Amino acid sequence: MAYKSGRPTLRKTKMDGWYEFYREACPICGKVDQCVIHEDNNRVWCLRVASDIVWGKNSTMQGWLHFLNEDNRTFTASDFANADTGSHQEKKSDGHLNRVYRALLSEMELRPEHRAMLKKPDRDMNEEELRIRQYRSFPEKPYEVVRKVVERVGNVEDLIGVPGFYSKEGKYGRYFTISGFPSTIMIPFRNHKNEIVGFQWRVDEVKNQVVYSSRLDKELEAYVVKQPNLVIAKYKGIEVFKGSMELKEKKDIKLSDGRYVGTIKLDKGQRYMWFSSANKESGTGAGPLPIHVSVPSRVLKNWKVGQLLKTDTVVVTEGPIKSDKSAELLDQMLQTAEERLSYGTTVLSVPGVNSWRLLCPYFEEMGVKNINFAFDMDAEENPDVRRYYHDAINFFSEAGYNVSFFIWDRSYKGLDDLLIRNFLPIKYNIHGEQIVE
């Protein structure tokens, strides 16, 4: 009998026959998230490397279709049989999500270590901000919290279709709980009507992980046995490599007879992850991924749930804590009505630069006229990110918006890093000309 790994490298998506790479690198771009492969083991939808076939041009996540057979790429038959699968519940409406998530927030607290982290100089949040923005620590006993949530919402069935909630078998039968682990901060995502429609986890300690750069035999398995860098590789359950690896280092794995079975790479894990219960019993995935709308805490405090936010000017960046802090600081630093109209104090956080199309309905409904893009200063160093950035700028400019982008000293990575040090960014128009206020 063939050895089957207990650590799936693919995750079944809602699209019939398609699987997302998440512990195995996409054979086109070499990345381990977002790209998907069809079970025919030929078609790959890559979100980073262009081809002659644009796929999903009018969707929120544009990519390109590649054919492995035509490209003559060496690639193993992916282990679809061992992929993460499960029930796929349809995501409920924003109003329903808001009702359940606010009940969840009411039953959680922010632990002292997380409160202290958010108050450090690089975040510089005060007690009032933390209270109003409702950051929470993942609970030590999530099943007890969920039991209280059910009491608040009235029916356990209301948890079905809400990302993060799922059911599992226990000693006394099935029960509902939430997906996650205690050493994380949960960051609420608010839409343009102040409805809480999702969360991201921020992990306290980012752990390294092994990904497969290539895998000619799906019975190769590798993982970090001891953090940060002690790695074991097994073939059919038998150890074929054990040793320390440097971050980003690649290691060719060969058997005792010299046969090459794949290449592994030690990579850094993710700091932020979506609150999702995809592929769990009665679980729901986070997608379509939400936009987070950040406003100054003095505005958020009086913003009624369900009230549509209207504004002429927005800033667009990536990262919910970053956007929350940027909105706070812009509100403090911009003194005149002209400055506020030019820079804006409403900051929208996208799930990734490649998901900028998600912004379209928000801009339309919010009555936005002026868009300031403020992605991290290292964005231009990545050709894939640079392409998406330029596509977004061109698209919204052609759609009639006044589009600008912020530039600042590269010693400050993100917009929040700059603002915390009491500097404003420089504005440039789409022609690369500085806008003097």
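Author: In this predicted model, a residue is called buried when its relative accessible area is under 20%.

Reader: What makes strand 13 largely enclosed by the rest of the structure?

Author: Strand 13 covers residues 220–226, and five of its seven residues are buried, so the strand is largely enclosed by the rest of the structure.

Reader: How do you know that strand 13 and strand 14 pair?

Author: Pairing requires at least two bridges between two strands, and six bridges join strand 13 to strand 14, residues 230–235, so the two count as paired. The two strands run antiparallel, with E221 standing opposite K234 of strand 14, and they form a hairpin in which three residues lie between them.

Reader: Why is E328 called buried?

Author: The relative accessibility of E328 is 8%, and the cut-off is under 20%, so E328 counts as buried. E328 belongs to helix 7, residues 320–333, and, once neighbours within four places in sequence are set aside, its contacts are E129, R133, P296 and S297.

Reader: What makes a set of residues a nonpolar core, and which residues have the most contacts inside the largest one?

Author: Such a core consists of buried nonpolar residues joined through side-chain atoms within 4.5 Å. The largest has 38 residues, and those with the most contacts inside it are V316, L348, L359, F363, I371, F373 and F396. Helix 10 gives the largest share of this core, five residues. Not counting residues up to four places away in sequence, L359 touches I291, V316, L348, V350 and F396. Apart from this core lies another, of 24 residues, including L97 and V146.

Conventions
Residues numbered from 1 in each chain as written. Predicted model: local features only at pLDDT ≥ 70, side-chain atom pairs only at ≥ 80, totals over all residues. Heavy atoms only, no water. Buried < 20%, exposed > 50% of the residue type's maximum accessible area, 1.4 Å probe, protein only. Helix = DSSP H or I, 4+ residues; strand = E, 2+ residues; numbered from the N terminus. Contact = heavy atoms within 4.5 Å.
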